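User: I would like to learn how to read a model like this one. Please take me through it feature by feature.

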Amino acid sequence: MRDRPTDEHRRLTEAELGRKLQRNEIVDHVNEDKSDNSKANRRVMQRGEHTAHHNRRRTTGQLVKALSMYKRGEKRY
Ligand SMILES: [Zn+2]
């Protein structure tokens, strides 16, 4: 997913920092609600760090889903 340069959360964060965000810096939404651009919901992360952060969450979500499917399947036997 590409960050659009006009993204509001980036503009707000740049204004607060008083500088432009680097190419490798992204603004993460802490509660994952991208429509919530309040200051508390925004944090600057390194791009690689951010990707790892979300991959980790995705992996956990898949495990939970697989486990619940497995449990449902088990009930049939
Ligand atoms: Zn994020």
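Analyst: Start with confidence: pLDDT is the predictor's confidence in each residue, from 0 to 100. Here the mean pLDDT is 85, and 84% of the residues reach 70 or more. This is a predicted model: local features need pLDDT of at least 70, side-chain atom pairs count only at pLDDT 80 or more, and totals for chains, interfaces and linings use all residues. Residues are numbered from 1 along each chain as its sequence is written.

User: Where is confidence lowest, and where is it highest?

Analyst: Where pLDDT is low, the predicted coordinates should not be read in detail. In this protein, α2 has the lowest confidence, at a mean of 81. The highest is in β2, at 96.

User: How many helices and strands does the protein have?

Analyst: Helices (H or I, at least four residues) and strands (E, at least two) are DSSP runs, numbered from the N terminus. This protein has two helices and two strands. Along the sequence the pattern reads α-β-β-α.

User: What percentage of the residues count as buried?

Analyst: Count neighbours. A residue is buried if 20 or more other C-beta atoms lie within 10 Å of its own, exposed if 12 or fewer, and partly exposed in between; C-beta atoms are placed from the backbone. Of the 77 residues, 5% count as buried.

User: Why does T51 count as exposed?

Analyst: T51 counts as exposed because it has 12 C-beta neighbours inside 10 Å. T51 sits in helix α2, residues 47-75. Its C-alpha is 9.9 Å from that of I26, 25 residues apart along the chain.

User: Which residue other than glycine has a positive phi?

Analyst: Most residues other than glycine have a negative phi. E32 has a phi near 65°, a positive value. E32 lies in the loop between β1 (25-29) and β2 (42-46). It is exposed, with 10 other C-beta atoms within 10 Å.

User: Where is S35 placed?

Analyst: S35 is also in the loop between β1 and β2. S35 is exposed, because it has 8 C-beta neighbours inside 10 Å. From S35 to E8 is 27 residues in sequence and 9.5 Å in space, C-alpha to C-alpha.

User: What share of contacts joins residues at least 24 apart?

Analyst: Two residues are in contact if their C-beta atoms, placed from the backbone, lie within 7 Å. Among contacts between residues at least 6 apart in sequence, 22% join residues at least 24 apart.
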